[in-house]
Amino acid sequence: MLTNKMNHSPSRIYLQLKIDVIAIGLLILALCTRLYKLDEPRHIVFDELHYGRYVSLYTKGVFFFDAHPPLGKQLLYLAGSIAGYDGNFTFDRIGTPYTDNVPVKALRLVPAVSGSFLVLITYFLMLELSLHQWTAILAALLVLLENCFLAQSRFMLLESIQILFGLCGVYCIIKSTKRIGLTALVWLCAAAVLLGCCFSVKYSGLYTYYLSLFLVGRHIWLQLDQIKSGTRLLFSALWRFAVLLIIPLAVYVSVFYMHLSMLPKAGPHDSVMTSAFQASLQGGLASITHGQPLHVAHGSQITLRHTHGRTCWLHSHAHVYPVRYADGRGSSHQQQVTCYSFKDVNNWWIVKRPDQASLAVSRPPDAIRHGDIVQLLHGITSRALNSHDVAAAVSPQSQEVSCYIDYNVSMPAQNLWRVDIVNRDSEESTWDSIRSLVRLVHVDTGSGLRYSGRQLPAWGFHQHEIVADKVLSHQDTIWNVEEHRYTKADDRKERERELVTAEMIPTAVTQLTFWEKFTELQYKMIAHAPDAPHGHMFASEPAEWPLLVRSIAYWLSPDSNAQIHLIGNIVTWYTGTISVVVYSALLAIYSVRKRRACEDLPPFVLNKFYETGYTLFLGYWLHYLPYFFIDRTLFLHHYLPAYIFKILLLAYIMDHIYLVLQLHEKTKHVTNLFILCVTIWLSYIVLTFKKFSVLNYGNVDLKENDLMSLRWKDTWDFILHKKI
Amino acid sequence: MASWYINRTFFFDVHPPLGKMLIALSGKLSGYDGTFPFEKPGDKYDGARYQGMRLFCTTLGALVIPLTFLSIWEMTKSLEATFIGTLLLLCDVGFMTLNRYILLDPILLFFMSCSIYGCFKVSTLTNDGLLPFSPRMLSWQIFLGTSLACTMSVKFVGLFVVLFVGLRTVADLWNILGDLSKPVKFTITHLIVRTLTLIVWPFVLYVFFFWIHLTVLSKSGNGDGFYSSGFQARLEGNSLHNASAPRVLAYGALVTLKNHRTGGGYLHSHHHLYPAGVGARQQQITTYTHKDENNRWQIKPYNRERVEGTVVVRSGDLVRVTHAPTGRNLHSHRERAPLTAKHLQVTGYGEDGVGDANDVWKIVISGGKDGEEIQTVRSKLMLVHYLQACVLTTTGKQLPKWGYEQQEVSCNPNLRDKNALWNIEDNVFDDLPKVSFESYASGFLERFYESHAVMFQGNSGLKPKEGEVTSQPWQWPINYRGQFFSGSTHRIYLLGNPVVWWTNLAFLIIFFLVYIINSIKEKRAEAFGVSRQVGEGSLLLNAAGWTFIGWALHYIPFWAMGRVLYFHHYFPALVFSSMLTGILTEYLLSSVRSYLSPELGKTAYHCIIGVVISTTVYSFYLFSPLAYGMSGPLASEPNSTMAGLKWLESWEF
């Protein structure tokens with residue numbers, strides 16, 4: 001740490017230079033370990049696959065969809081673009097070697113440097129929590145000598161960035177609670193910005209944010225009996241929470257603003273988004289829908305897209321529902337109507353007013369408005385969309401939807417649908433392509449056309465089922481017109497040819513405001529259920545984390561047994577777990593003793609025990625407990641944010657034991673023994689760290705017995721090439 | 001369900017057994033013969049004597065009301081609070097609907113209310129300074145323990161009430177501990193007595209209920225398939241009951257292999273090939289849940305066709321497994337499995353037992369040592385493919401029509417697959433002495449454990465399917481949507497009385513504010529020495545705090561649950577919420593009263609109480625058709641009698 005202080009005195013100018021030797025030393029050590037041979041292995045390691053791919057897409061400006069917020073990826077991109085990465089590398093699978101145009105070192109530099117500063121910030125944070133300097137050094141060393149942080153910060157992964165932002169945020173919060181006036185405000189603002197960044201990297205950063213809210217809340221609570229003036233108290237509470245709410249949110253929104261403005265082009269994930277969103281990107285859907293007529297009119301040829309949730313289009317084809325289903329129920333035996341996830345000529349429908357015979361669009365077009373009653377003819381087969389009181393194929397509680405075939409049995413066509421525009425401005429709204437969200441309500445039964453979410457069996461080609469459902473309010477009943485053109489020919493053959501060959505002449509661009517895009521993206525991110533690769537070989541359960549049951553294999557060299565694993569330093573790991581137990585036990589003991597009015601500890605020790613310890617203890621559980629309720633495939637690296645708090649707690653427990661030993665005359669001489677034990681324990685940690693670091697650098701070919709000697713728990717799985 | 005108890009056939013359900021046993025008992029006593037099928041809601045009871053069971057449930061449901069009255073009284077000693085709280089519950093239409101039918105909920109709510117009452121009774125007695133061993137204290141604690149056990153044994157939601165009582169007990173102990181005039185020993189005696197009565201005793205009872213359950217259900221029924229071979233051997237009428245087979249597995253024996261996952265089938269093959277495009281066109285291997293000749297396999301050493309004499313198969317041996325009816329070997333190779341892309345395909349290969357090197361499997365006892373003898377039923381086996389180093393497993397996914405909708409069998413390269421365990425069920429070999437299956441049958445504790453494992457799996461397996469309308473926790477307190485109870489002509493719709501529910505909701509928020517303001521006030525008063533009188537108000541607020549905790553405990557956990565949720569899950573929380581409203585009304589009214597002159601205060605107080613009571617009763621009168629049954633057109637149509645009552649778009653009556 002470098003502090004330059006200019007001292008203006010009338011006569012001379014002093015330049016005082018203060019260097020925190022310990023901090024610098026720690027930083028250098030951290031940088032050495034983190035940066036050592038950073039570009040090795042020159043292969044894609046684990047999730048670099050995803051993040052690398054996103055960096056490429058950023059470089060090309062191609063829109064992509066990811067369930068995590070974008071800041072971390074943007075930082076990686078920044079490093080990449082400074083180093084001149086051109087985005088021309090396909091990240092196809094783990095283990096592929098990088099070509100020369102990928103600046104591996106630059107890309108990996110961001111997490112590596114963050115990982116190094118992580119060591120530094122633990123040192124300062126522990127100092128700020130007013131512990132001994134030695135304790136702070138111990139904490140920093142523990143982080144430095146932790147294999148899992150080393151592994152996580154050497155590759156293009158986001159945890160180290162997230163944890164760094166989070167800890168810095170907490171540090172600033174603590175600073176701010178100790179100051180008053182303007183300094184407090186400045187620190188709090190800094191904290192707010194950092195915390196905003198933290199959860200813009202990964203949503204698990206929100207837990208750090210909650211911790212900070214708690215810290216500020218506690219600070220205000222403690223002020224309650226110190227500040228006499230009620231208005232001042234209210235004011236101090238208000239500005240604190242205002243800062244903590246508004247700034248992080250602003251950071252988050254601006255990160256997304258950058259995200260969206262950096263990615264103007266259409267790309268592979270477009271279909272996740274709504275038609276309107278897609279049309280606002282360059283290329284892709286926009287190039288198709290560009291300039292298509294706006295108002296849907298009598299005679300319009302349209303494709304109808306299921307707006308929310310799964311991407312699919314209303315579809316029909318020249319196959320009928322089977323007479324009997326597998327469960328013995330009968331069907332209408334009419335033409336199938338499905339929801340199909342791919343573009344197809346069978347997705348085209350023609351809008352027709354029931355009373356007009358000609359299908360050509362008149363001039364001016366006879367626009368359909370909200371509340372109008374229409375028929376929908378399937379483009380290729382010319383049959384009308386129909387529904388009737390027959391149970392649907394897979395969801396028998398709803399009505400079947402079909403294209404009507406006149407079998408001349410007592411089953412008349414019921415093919416009238418009312419157009420219900422959900423996002424209309426007035427009762428007279430026209431039905432616009434892309435923009436209007438419509439619900440098609442069956443006139444005879446009052447049911448709405450709905451995507452049921454279920455798949456049809458083989459007879460329906462595994463396409464998705466369409467039903468008419470009584471519950472209109474469900475969001476699966478909402479559709480929008482995506483592609484749209486006016487019918488010119490009246491002859492059926494001509495129309496078919498038009499359908500197959502049509503091309504559009506663009507005239508105008510669809511525009512969406514930032515807020516519309518932002519809210520849509522947020523909604524999709526929340527609703528996005530990842531097709532989790534259940535039963536991933538290296539997945540683990542939250543309950544297994546404190547005991548380090550599983551590691552994660554990150555990479556295996558193609559020609560030797562050199563490999564990279566995410567694995568913790570087991571000595572630190574286990575003592576960390578013990579420290580959590582010890583803290584809980586001490587907490588219980590001290591409270592019970594206090595309840596019986598026994599004062600064992602002087603107030604300042606006890607105060608620190610509650611304040612410091614509680615911050616760390618709570619930090620640990622806040623970052624850990626929520627995972628028990630998350631229904632997703634989880635990995636060991638999800639534990640890291642919690643783990644860093646555990647390490648800090650461990651250092652604190654050491655500090656506390658030392659203090660307690662110092663307090664009493666009787667135990668004072670044990671102190672030296674305790675220091676000796678800690679030293680031995682620490683050197684043991686160093687040895688373990690060294691032994692396992694081969695699994696972090698991945699630069700040593702490991703023989704079978706080397707691997708066996710590393711396999712300290714038989715639940716750890718290392719990989720061995722088969723001898724040929 | 002009750003029918004099954006009466007007929008003593010075994011079944012499977014995700015809830016613990018006590019509620020169903022009580023219903024069965026009441027049915028039996030009132031002459032129900034267990035023949036009615038109970039297929040779907042809306043069916044007519046044709047002559048079945050269901051009234052007894054319904055009467056039983058309704059009585060228990062009705063008893064909840066007086067119990068709530070007693071609980072609030074125990075907490076607050078304020079008649080107004082008690083009366084309003086109970087009245088709200090009494091006038092709630094949904095609560096009444098739920099308690100009128102043969103369901104587990106009235107029983108659950110009854111035992112839950114008993115627990116709440118017991119809990120506060122014990123805490124009052126403790127505050128009165130009763131000694132831990134005094135008979136009154138002890139009997140109340142045993143009552144509380146018993147109610148807890150019963151609640152837990154009706155449905156697992158009872159766990160939340162156990163937590164609640166646990167917290168309350170800790171708070172009691174904490175109070176005792178804080179009394180410096182008593183020695184620590186006093187607290188410890190209290191602790192020991194409570195451990196015995198509130199932990200050990202309920203647990204014993206709980207196990208006892210299961211013991212009854214497993215003893216009563218001694219006949220084979222449709223729930224068998226969910227359980228292991230050892231479990232099935234206990235059930236009369238099951239093919240494993242009273243059967244006998246050699247104890248160990250020898251080369252040449254004809255066996256069936258049952259998968260160890262819950263509800264897992266037998267390893268099966270048949271004369272049909274995998275269709276073109278699905279890996280190699282070789283014979284299909286599946287798992288099949290029914291007993292069939294095609295489930296038979298023969299175990300042979302990997303290099304010879306037959307062995308002279310009796311050689312026992314040991315863990316770690318290399319074997320070939322031949323499908324007895326078709327003579328094909330169990331085989332796997334580098335082709336992807338039909339449904340699970342990461343697994344390898346398993347096929348039947350070869351002709352009359354002659355195949356290739358890919359037919360060799362290593363047979364391993366999971367958790368055992370090499371060289372152990374393989375035992376029928378008992379040993380959990382893994383079959384590891386020798387060349388590909390993958391384990392034979394079933395993914396539980398259904399194959400399409402070409403596989404007759406049997407389940408996929410594949411070879412998983414991840415050897416830690418939980419579904420890769422198999423056990424030998426039938427074992428035909430003439431040269432070894434046979435032992436009766438009785439000896440394999442699991443003991444009570446094993447069965448107790450297994451039925452829990454199956455129940456938990458069943459519970460977590462109740463996942464909503466994509467696109468299905470499920471009830472979500474946020475909808476409950478605002479009474480967003482109800483639940484249909486009965487068919488189309490005489491409709492019954494479970495929906496809370498909106499007046500009661502929305503009042504409750506408002507009071508939850510009010511409580512939150514009042515509590516925060518009050519604690520800030522208290523803290524500042526303490527610091528700056530302004531004296532505040534502590535009186536009835538703090539007692540009420542304290543009681544309100546406890547009911548709030550109870551409400552949160554019974555409501556918030558549902559947010560974290562992945563399983564299918566129903567509207568009726570909210571009702572335990574509703575009991576607490578109504579109590580809270582009652583207590584808080586009294587608190588607010590008396591604070592308002594203290595600001596007014598005595599004369600005016602009295603008048604205002606009585607007026608407001610009067611308004612509250614009459615509104616509640618009138619709303620009950622309005623909405624009661626929901627519970628007693630409506631007929632005629634749906635409320636969405638204007639000519640219906642209920643049209644005026646459709647206050648929310650989402651109500652579907």
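So, Cys312(A) and Cys339(A): both of them are buried, and by buried I mean under 20% relative accessible area, with exposed being over 50% and partly exposed in between, using a 1.4 Å probe and protein chains only. Keep in mind that this is a predicted model, where local features need pLDDT of at least 70 and side-chain atom pairs count only at pLDDT 80 or more, while totals for chains, interfaces and linings use all residues. Residues are numbered from 1 along each chain as its sequence is written, chains are lettered from A and ligands numbered from 1 in the order in which they are written, and side-chain values use heavy atoms, with hydrogens and water left out.

Back to that pair. Cys312(A) and Cys339(A) are joined in a disulfide, S to S 2.0 Å; the cut-off for calling one is a pair of cysteine sulfur atoms within 2.5 Å. The torsion about their S-S bond is about 85°, so this one is right-handed. Cys312(A) sits in the loop between β3 (300–306) and β4 (313–320) of chain A, and Cys339(A) in strand β5 (residues 335–340), so the bond ties together parts 27 residues apart in sequence. Helices (H or I, at least four residues) and strands (E, at least two) are DSSP runs, numbered from the N terminus.

How many disulfides are there over all chains? Two.

The other is in chain B, between Cys390(B) and Cys411(B), again with the sulfur atoms 2.0 Å apart. It's right-handed, with 95° about the S-S bond. Here Cys390(B) is in the loop between β10 (381–385) and β11 (391–398) of chain B and Cys411(B) is in strand β12 (residues 407–412), so the link ties together parts 21 residues apart in sequence. Cys390(B) is buried, at 0% relative accessibility, and Cys411(B) is buried at 0% too.

Cys150(B) still counts as buried, at 8% relative accessibility. Cys91(B) is buried as well, with a relative accessible area of 5%.

Last topic, the second largest cavity. A cavity is a set of points on a 1 Å grid over the protein atoms alone where a 1.4 Å probe fits but cannot get out, and lining residues have an atom within 4 Å of a point. This one holds about 60 Å³ of space. Its lining includes Tyr590(A), Arg593(A) and Cys598(A), and helix α15 (residues 570–595) of chain A gives the largest share, three residues.

Conventions: On a 1 Å grid over the protein atoms alone, a cavity is a set of points where a 1.4 Å probe fits but cannot get out, and a pocket is an open set with protein on both sides within 12 Å along at least five of seven lines; lining residues have an atom within 4 Å of a point. Grid points are joined across faces, edges and corners, and a volume is the space filled by probe spheres set on the points.
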